[in-house]
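Visitor: I am new to this structure. Please take one part and go through it closely.

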Amino acid sequence: MEIFLIRLLQFMLAISLLVLLHEGGHFFFSKLFGVRVEKFYLFFDLGIGKWTGKLFSFKPKTSDTEYGVGWLPLGGYCKISGMIDESFDTEQMKQPVQPWEFRSKPAWQRLLIMIGGVLVNFLLALFIYSQILFWWGDTYIPLKNMTMGMKFNQEAKAYGFQDGDILVSSDGKDFKDFSADLFRQVSEAHEVVVLRNGKETTVKLPGELNLLDMIKSEPRFMEPLLSAEVDSVAEGTPAAQIGLQKGDVIRAVNGHEVDSYNAFVNEIGRLSDMMASAQTAQDSLKIRTVSLVYARGEQTDTVQTVLSSDLKLGFLKNGVAAVYKPVTIEYGFFESIPAGIKYGWNVLKGYVDDLKYVFSAEGAKSLGGFGAIGSLFPPVWDWYLFWKMTAFLSIILAFMNILPIPALDGGHVLFLIYEMMTGRKPSEQFMIRAEYVGFGILILLMVVANLNDILRWLGYL
């Protein structure tokens with residue numbers, strides 16, 4: 001429960017900050033061009049019966065704007081006079097045009113008002129990334145320093161990779177670290193240079209591997225190779241009961257050879273798949289009873305043990321961060337600005353490139369709602385990870401809002417560009433209908449994404 005609350009708090013803080021600044025962008029340009037803002041709200045104040053839906057609101061005596069907080073945490077809004085938006089205030093549009101209204105302003109001013117939120121979110125992301133680099137630097141484990149190389153699945157081996165290959169570069173561009181960018185770089189590569197037995201070898205690739213398949217396959221296309229050596233044993237576990245000790249090396253599970261910790265995890269995954277079809281306690285016990293071969297120095301021993309109900313043997317293995325020493329690149333204040341801009345641009349480019357997978361069956365299943373986004377925040381409060389996630393969400397919010405979908409900023413931008421090019425403004429009736437269509441599309445996407453969260457929680461995805 002504590003982890004849930006910490007993640008929820010981080011999620012709400014990040015979203016509130018991003019929504020306020022996004023709507024603040026619209027607010028700034030509206031005020032700059034003399035357009036009246038009637039409401040500025042964090043969250044939606046959707047009324048129910050006589051209840052207005054406001055948790056809190058106030059209106060300064062000298063202002064035309066009502067500021068407040070609504071009860072529905074699905075974003076926020078800035079209600080601009082004389083504009084067809086999510087408030088669907090059609091009565092106002094029937095009145096004569098007033099000089100303080102959005103619709104009375106030149107198209108170029110209306111365009112700046114509409115892109116103000118996206119502009120603020122994008123600049124905010126670049127600023128946060130710059131400050132992250134300034135305060136914390138860039139800490140990572142260089143891929144070339146992973147001297148044990150990578151463990152590859154059968155698909156990767158079919159292309160010519162071998163277990164233990166150290167990845168060097170692709171199409172002349174050096175690899176940095178083990179991250180989503182590595183998978184993306186390999187998926188688009190025609191040639192990958194690896195270090196094999198001390199010599200550089202080139203692996204030919206088609207240049208169009210499916211990134212989603214590479215990451216979601218079991219086992220994955222590639223992952224850092226770790227030895228099957230035991231680092232420590234937890235007390236009271238099956239590993240302790242059979243006498244497993246630090247330094248022992250797992251050699252086989254149920255007759256299947258284990259040449260790495262990766263292979264051991266795959267064998268446990270095989271048992272997990274079998275457990276899904278177990279119907280009785282006897283079936284479960286049979287699956288959890290395993291034959292284990294391990295080596296201690298020159299001596300090899302075979303034992304039988306029963307894994308825990310969650311298929312744990314009980315020995316611990318140090319992760320990549322404990323095996324390899326990370327490096328940190330530090331940045332001065334002025335150095336961090338171009339570095340942050342470059343970092344943010346690469347994040348945006350990767351996100352846009354990956355969107356093509358959304359239109360596949362597997363891609364649609366990978367869509368996530370509020371639960372999926374919230375789970376991306378760390379289970380403990382970590383300012384570095386919080387700000388990094390907030391910057392990423394800011395870029396997503398900027399890009400998603402600029403998509404040419406009615407009801408989003410991008411939809412309004414599209415109609416404004418059409419007006420500027422043709423000199424003809426779309427009719428108000430058309431804009432109202434487009435707003436309804438766009439709002440329906442957004443609701444549908446939200447339902448699908450959050451339904452996926454529920455199905456994942458229930459174990460169906």
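Guide: What follows is a look at one helix and the spaces beside it. The model is predicted, so local features need pLDDT of at least 70 and side-chain atom pairs count only at pLDDT 80 or more, while totals for chains, interfaces and linings use all residues. Residues are numbered from 1 along each chain as its sequence is written, and side-chain values use heavy atoms, with hydrogens and water left out.

The part is helix α8, residues 261–275. Helices (H or I, at least four residues) and strands (E, at least two) are DSSP runs, numbered from the N terminus. Helix α8 packs against helix α9 (residues 281–288) at an angle of about 170°, their axes 10 Å apart. Axes are lines fitted to C-alpha atoms, for helices over the stretch in contact, and angles run from 0 to 180 degrees between N-to-C directions. The angle makes α8 roughly antiparallel to α9, a term for angles over 145 degrees. On the α8 side, L271, M274 and M275 meet S284, I287 and R288 of α9, contact being heavy atoms within 4.5 Å. The residues of this contact divide into 4 nonpolar, 1 polar and 1 charged. Here Ala, Val, Leu, Ile, Met, Phe, Trp, Tyr, Cys and Pro count as nonpolar, Asp, Glu, Lys and Arg as charged, and the others, Gly among them, as polar.

L271 also lines the second largest cavity, together with V253, F264, I268, V290, L292, L307 and L313. On a 1 Å grid over the protein atoms alone, a cavity is a set of points where a 1.4 Å probe fits but cannot get out, and a pocket is an open set with protein on both sides within 12 Å along at least five of seven lines; lining residues have an atom within 4 Å of a point. This cavity has a volume of about 40 Å³, the space filled by probe spheres set on grid points joined across faces, edges and corners. The largest share of its lining, 3 residues, comes from α8. The lining divides into 8 nonpolar, no polar and no charged residues.

Of its 15 lining residues, E218, P219, N266, E267 and R270 lie nearest the centre. By class, the pocket lining has 4 nonpolar, 4 polar and 7 charged residues.

Notes. Angles under 35 degrees count as roughly parallel, over 145 as roughly antiparallel, 65 to 115 as roughly perpendicular and the rest as oblique.
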